[in-house]
Amino acid sequence: MALSIGIVGLPNVGKSTTFNALTKEQNAEAANYPFCTIEPTTAIVTVPDTRVDKLTELVKPAKTIYATVEFVDIAGLVKGASKGEGLGNKFLGNIRDTSAIVHVVRCFHDENVLYSDNRTEPNPISDIEIINTELILADMEQLERKIDRLSRQVKGDKMLKPVLEMAEIILSHLETGQPVRTAPSQEMPAFAALVDEMRFLTAKPVIYAANVDEDSLPDGNELVEQVRQHAANEDAEVIMLCAKLEEEMAGLSDEERAEFLDSMGISESGLDQIIQRGYHTLGLISYLTAGPKEVRAWTLVNGQTAPQAAGVIHTDFEKGFIRAEVIPFDVYVKHGSETAVKTAGEMRTEGKTYIVKDGDVMHFRFNV
């Protein structure tokens, strides 16, 4: 599975600036007035991976392919969006297919930056609650329509009764102001099936991106601390970035960017932070393939088996899986080539029950 992330937030919190910086694109308009972003904007970003770089150096393939992340930026939400305030919530459908949500929260003071309600002072907890409420209301609206349909259909198909009951349980939970991801009965098959079908916004993991000013780097400020405390209660991830600086770094080379970050006392860019937290939150890892044609990183759910990893490349690989030849990345680097690893007797042959490890360099044998 590829990682996909929807970006949400109130207008003028730095959401589209963050998107532009993360994706090194300038196609999401960013300006100091509400609703400057109207049409949803999507960008595909390669996942930085020094292991891919090293294998490319050793193997010298015809091409190198990194894993990717899709970012989707939508119009800012305001209080009452579910009732049509601002631009309404019609753009939320564009992030229902994403794997996770990055919620950009303003954590800096600037009297020249206006909220949609004309205030200038940031209030991150209030901002978070506004967005969370709008996401909950959007899920409720969708679920109520589903329950209405199920209530009619169940009269002719009793098999739908467990689905209807689960939908009602989830709706009751949403009505308390809580997201789907904290709903009860998550171990029941009907829950997983309904979440897969409905693609609830509040079932997705959230990463809070605290957008600060330059002076708050690298340690943060009192507003960031409020976000961290709130996220801890939700068991959510938090990153801190300065969207303005991230945008300035967008045109720099990797070496220049590293020097810039070091001068600011920062170890990771916002993009690196979001990707790492995204992979961790969703339980994703990368395995690698290396040969004269290409070196490539493939995204996999942690805990999946060798046949499932083969299926990421092509479904026929999984169906006809025979075995996997596996070299841990460090072992590959130590010997410098696949041939040298084989000569040293350190290439392993694994079967259908093998659980793939992050950084495994793999070659699949299959028969279709």
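The legends below describe close-up views of a predicted model. Residues are numbered from 1 along each chain as its sequence is written, and side-chain values use heavy atoms, with hydrogens and water left out. Because the model is predicted, local features need pLDDT of at least 70 and side-chain atom pairs count only at pLDDT 80 or more, whereas totals for chains, interfaces and linings use all residues.

**View 1. Helix α1 is largely enclosed by the rest of the structure.** Helices here are DSSP runs of H or I with at least four residues, numbered from the N terminus. Nine of the nine residues of α1 (residues 15-23) are buried, where buried means under 20% relative accessible area, exposed over 50% and partly exposed in between, with a 1.4 Å probe and protein chains only. Among these buried residues are Lys 15, Phe 19, Asn 20 and Leu 22. Lys 24, which follows α1, has a positive phi near 55 degrees.

**View 2. Helices α3 and α4 are roughly antiparallel to each other.** The axes of α3 (residues 124-153) and α4 (residues 161-175) come within 10 Å and cross at roughly 155 degrees; axes are lines fitted to C-alpha atoms, for helices over the stretch in contact, and angles run from 0 to 180 degrees between N-to-C directions. Angles over 145 degrees count as roughly antiparallel, under 35 as roughly parallel, 65 to 115 as roughly perpendicular and the rest as oblique. Residues of α3 including Ile 136, Met 140 and Leu 150 meet residues of α4 including Val 163, Ala 167 and Leu 174, contact meaning heavy atoms within 4.5 Å.

**View 3. Helices α3 and α5 are roughly perpendicular to each other.** Helix α5 (residues 189-198) packs against α3 at an angle of about 115 degrees, with the two axes 12 Å apart. Gln 142, Leu 143 and Lys 146 in α3 meet Leu 194, Glu 197 and Met 198 in α5.

**View 4. Thr 133 lies in helix α3.** At 40% relative accessibility, Thr 133 counts as partly exposed. The C-alpha atoms of Thr 133 and Gln 178 are separated by 8.7 Å, although these residues are 45 residues apart along the chain.

**View 5. The largest nonpolar core has 53 residues.** A nonpolar core is a set of buried Ala, Val, Leu, Ile, Met, Phe, Trp, Tyr and Cys residues joined through side-chain atoms within 4.5 Å. Leu 55, Phe 71, Leu 92 and Ile 95 have the most contacts inside this core. A second, separate core of 20 residues includes Met 140, Leu 150, Val 180 and Val 195.

Technical notes
Helices (H or I, at least four residues) and strands (E, at least two) are DSSP runs, numbered from the N terminus.
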